[in-house]
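Keep the viewer open as you read.

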Amino acid sequence: MSGAAVEYEPVIGLEIHVQLRTRTKMFCGCELSFGDEPNVHTCPRCLGLPGTLPVVNAQAVHYGIMIGLALGCEIAPRSQFHRKNYFYPDLPKGYQISQYDVPICGPGKLGEVRIHRVHLEEDAAKLVHVGESGRIHGADRSVVDFNRGGTPLAEIVTEPDLHSADEAREWLNLLRTTLRAIGVSDVNMEEGSLRCDANVSVRPLGSDQLGTKTELKNMNSFRFLAQGVKAEIERQTALLRAGEQVQQETLHFDPASGRLTPLRSKEQAHDYRYFPEPDLVPLVVTEAMLERARAELPELPADRAARLERDLGLSGERARELAFRPELGDFYEAALAAGGPQLDAVALANWIPPLVERIGSDADPAGSRVSPSALAALVALVSSRAVSQTAARDVLTLMVQSGDQPATIVEREGLGAIGGDDSGLAQVVAAAIAADPDAAEKVRDGNMKAVGPLVGYVMRETKGRADGGEITRLIREQLGL
Amino acid sequence: MSDALLNLTAAAAAAAIRAGELDPAELFELYRERAAADSLNAFSWLCDGAPDAGFDRSTPLAGVPLGVKDLFCTAGIPTQSGSRILEGYRPPYTATVVERLYAAGATLLGKTHQDEFAMGSSNENCAFGPVLNPWDRTRVPGGSSGGSAAAVAAGLVPWALGTDTGGSIRQPASFCGIVGLKPTYGSCSRYGMIAFASSLDQAGPLTRDVSDSALLFSHMVGQDANDSTSLAFPEPVRMPARRELSGVRLGVPEELLSADSGIDQGVRESFEQTLSLARGLGAVVSPCRLPHAPHALSAYYIVAPAEASANLARFDGVRYGLRVPGNGDLESMYSATRAAGFGPEVKRRIMLGTYALSSGYYDAYYGTALRVRTRIAQDFQRAFEQFDFIVTPTAPGTAFELGAKSSDPLAMYLNDFCTVPMSLAGIPAISIPAGLSEGLPVGFQLAGPAFSENRLLDAAFALEQAIGFDGSPARAGGRA
């Protein structure tokens with residue numbers, strides 16, 4: 001009678017901490033840094049010395065508003081900072097200044113995922129465990145680097161709208177792309193400027209009740225996020241199938257082993273005793289502040305993808321590929337403009353991945369030797385059949401190397417397409433038919449798949465300069481089809 | 001000569017220095033010697049000589065020496081807030097208010113003892129021993145700014161800075177027969193004041209007379225970019241000059257003076273005499289209502305400890321101050337350090353505050369206290385529609401004997417019965433000496449609407465002239 005047939009559905013919500021790319025910290029004038037000597041970016045305020053008071057960083061508030069607008073959130077006209085109380089050496093005041101019941105941004109939506117809230121807070125300092133393991137257990141001693149302490153953070157909390165590890169990873173990528181496009185953060189997971197925790201539960205498919213959730217921490221790459229969430233879904237599903245229950249707990253992801261280990265229950269038994277931060281007045285967002293944030297918002301990646309798909313006819317996948325890496329989208333649109341109205345937008349888009357492949361997958365094409373107008377010129381040569389698809393790939397390789405114009409390369413390397421009546425292509429096709437009578441016979445009998453070897457022969461003979469369509473046309477003509 | 005010098009108020013001394021009639025070094029040395037011979041335990045730190053930079057006679061305060069309550073951060077100078085946990089702590093920066101007074105020409109003579117983290121009404125909670133009341137050395141000077149009050153009363157310093165959270169300037173001023181002003185919340189920067197309860201703490205002057213309070217206050221006020229809760233004072237602070245009170249409406253809150261409010265007979269008599277003097281100056285005295293004021297103490301003892309429980313979390317032995325290793329792990333270091341570093345009253349309030357903020361109790365305690373606080377502020381607003389000032393005795397009694405209340409926290413807390421409502425409302429209040437009861441000073445409190453300090457000082461000045469209280473150091477026991 002046990003439900004061997006019961007299917008389970010994962011339900012996933014994310015909590016993302018984003019370090020804001022301000023010049024100075026959330027509540028003091030110390031500069032943000034990464035990788036500097038320990039404790040050089042500190043002051044009485046971010047060390048929590050007696051008598052110091054926080055002062056809100058206006059740029060962090062501005063970025064918070066921009067994030068809210070980019071995620072379609074309601075911006076609270078008046079929000080409140082709270083103190084979140086707990087003892088830890090990375091927290092010099094014994095409390096973190098955060099937002100609690102009235103965050104700066106209320107409900108919103110990005111893609112298919114609803115945003116619950118976005119709030120501003122300060123980051124903790126960094127504990128360094130000195131010893132062989134590099135972890136707290138077995139460390140000889142622990143020291144604190146306060147450089148990071150007080151870095152402005154935006155915490156973005158989603159509703160539980162994700163249903164697989166891959167969905168979670170994909171959506172996080174959309175979020176990262178969006179945040180990078182609006183310029184509020186470096187969003188680098190390895191460096192910790194983007195950190196993602198996941199709340200995972202599973203429930204019988206079709207149920208509208210949420211199962212008991214666990215909180216997954218320390219997944220500091222996209223791969224680890226997907227890995228951790230997947231492992232947790234499997235673990236919970238197995239528990240439920242075995243008739244056991246999921247315990248609500250916080251799990252720590254270990255990138256080395258790929259395993260999730262529960263934090264000690266003591267570490268979870270926090271009562272943070274939130275109360276309004278009496279050292280700060282409520283955060284008031286004026287119409288002028290909203291205006292300024294709106295004015296600084298660029299076209300968002302999701303909007304750009306939709307526009308490329310709708311207006312230019314790109315596939316959804318290609319449109320996202322270009323829009324989610326703004327530097328690719330920018331290069332593409334510059335080439336499109338340079339090529340003029342005659343240029344085939346879809347064909348041009350299909351030439352971006354080969355370009356990226358040749359310049360290095362992380363490189364910005366704007367920094368390469370290929371100009372947008374040169375790429376547009378190459379696509380025009382292909383469209384007019386002056387260069388075959390195959391030859392054009394070689395031309396592109398040479399463009400990346402030399403920075404020369406495609407026409408110059410075609411001329412110099414003799415890569416122009418072979419075609420037309422006086423090109424000798426008909427003779428090469430005839431030779432192909434003569435060399436493989438079996439294939440020719442099959443084609444004549446109507447098996448068009450057999451045309452492959454014949455085309456291949458011609459391509460080899462012409463070193464790829466012939467146009468595939470023209471070859472097929474000539475084969476059919478010569479076989480009397 | 002030195003008696004004549006000693007009897008100069010700070011304002012008079014500054015004027016004499018600026019006029020070239022008085023050598024600031026001579027004045028400074030007189031006070032330094034007196035402070036060095038201090039037998040009241042008023043000072044936690046004393047300078048060892050005149051400042052290297054000398055005195056600038058052209059400044060408004062012309063080098064007149066200043067006492068500063070221990071909890072104001074002073075760069076390189078011990079700042080311990082009366083606590084073992086900060087023993088020997090020297091901050092790297094100076095509090096805004098102290099900086100402003102330096103800029104106006106004040107010279108730091110010494111830091112004064114206080115109740116630990118400003119928690120107390122007798123100075124007996126000071127980790128470095130109690131301060132004695134110069135009027136009677138078997139008695140307390142009040143608290144928490146007791147060191148400042150005793151030092152000013154005894155003529156060990158011309159004037160001093162204190163802080164007031166629930167009465168910590170006004171009550172010791174009352175016990176020591178001097179003037180203490182608690183300004184409007186936000187009018188003086190809190191930056192560099194070691195926090196007790198952030199939404200209540202406010203710096204203010206402790207001085208021999210009302211004019212000195214006005215002068216010191218005038219150089220303390222102003223918005224500070226380092227304190228987001230500070231506000232620009234809406235007008236220049238004037239020196240008080242009013243000699244009568246014609247038409248001034250004084251409200252006497254029934255709730256604070258009811259038969260069961262615990263006010264001593266001697267204090268009541270003094271209060272009535274002062275009201276008669278006020279009427280003689282033309283004031284109209286009538287009863288008024290502050291219906292929620294009797295609940296102020298309860299609300300205060302939720303709000304202040306709650307904020308304190310967070311404010312004092314930073315004293316954890318990790319970065320500065322005392323560290324007791326414990327068993328070698330983090331948690332035992334925390335508890336051993338805090339167990340050894342904090343005194344019993346501080347621990348009591350941390351526990352009260354932690355409890356009041358705990359999950360499940362927050363709304364019943366902290367939430368309710370905030371609502372009461374709002375009601376109290378509204379009570380004052382309503383009262384100020386009909387009255388210019390609310391007047392009460394500053395404290396229910398005169399200075400009590402050392403140890404008399406130290407085993408009964410609730411009796412100690414009742415000292416703040418008449419001062420806490422103004423603190424919760426954030427409004428200014430001043431205590432002036434109204435006379436003696438059985439040889440001990442009694443304070444009279446006037447409170448006005450937010451930012452009414454100029455009017456408040458004027459009214460206090462008029463009353464002060466009429467009362468004619470002699471609080472000279474010799475009389476206050478400073479020569480003993």
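Which residue is the bridge partner of B:G251 in strand 9 of chain B? It's B:I390. Before going further, some housekeeping: this is a predicted model, so local features need pLDDT of at least 70 and side-chain atom pairs count only at pLDDT 80 or more, while totals for chains, interfaces and linings use all residues. Residues are numbered from 1 along each chain as its sequence is written, chains are lettered from A and ligands numbered from 1 in the order in which they are written, and side-chain values use heavy atoms, with hydrogens and water left out.

Back to that pair. Strand 7 (residues 249-253) and strand 9 (residues 389-393) of chain B run parallel and are joined by 2 bridges. Strands here are DSSP E runs of at least two residues, helices are H or I runs of at least four, and both are numbered from the N terminus; two strands pair if DSSP finds at least two bridges between them. Both belong to an open, mixed sheet of 11 strands in chain B, in the order 1-3-2-4-6-5-10-11-9-7-8. Strand 1 (43-46) and strand 8 (284-288) of chain B sit at the edges with a single partner strand each, so one side of each has no neighbour in the sheet. From one strand to the next, the twist averages 30°. Angles run from 0 to 180 degrees between N-to-C directions, with axes fitted to C-alpha atoms (for helices, over the stretch in contact).

Helix 3 (residues 24-36) of chain B packs on this sheet, touching strand 1, strand 2 (65-69) and strand 3 (107-112) of chain B, and its direction makes about 15° with that of strand 3. Contact means heavy atoms within 4.5 Å. In the loop between strand 3 and helix 5 (146-153) of chain B you'll find B:S144, which a cis peptide bond joins to B:G143, with omega about 10°. B:F117 is in the loop between strand 3 and helix 5 of chain B too; its phi is near 50°, a positive value in a residue other than glycine.

Now for chain A. A:R83 stands opposite A:F275 in strand 14 of chain A.

A:P50, A:F87 and A:R273 supply 22% of the area that chain A buries against chain B, more than any other three residues.

The rule finds 1 salt bridge across the interface, taking a side-chain nitrogen of Lys or Arg within 4 Å of a carboxyl oxygen of Asp or Glu. B:R190 and A:D279 form a salt bridge, with their closest N and O atoms 3.0 Å apart. Over all chains, the whole structure holds 46 salt bridges.

How values were computed:
Buried area is the accessible area (1.4 Å probe) that two parts lose on being put together, summed over both.
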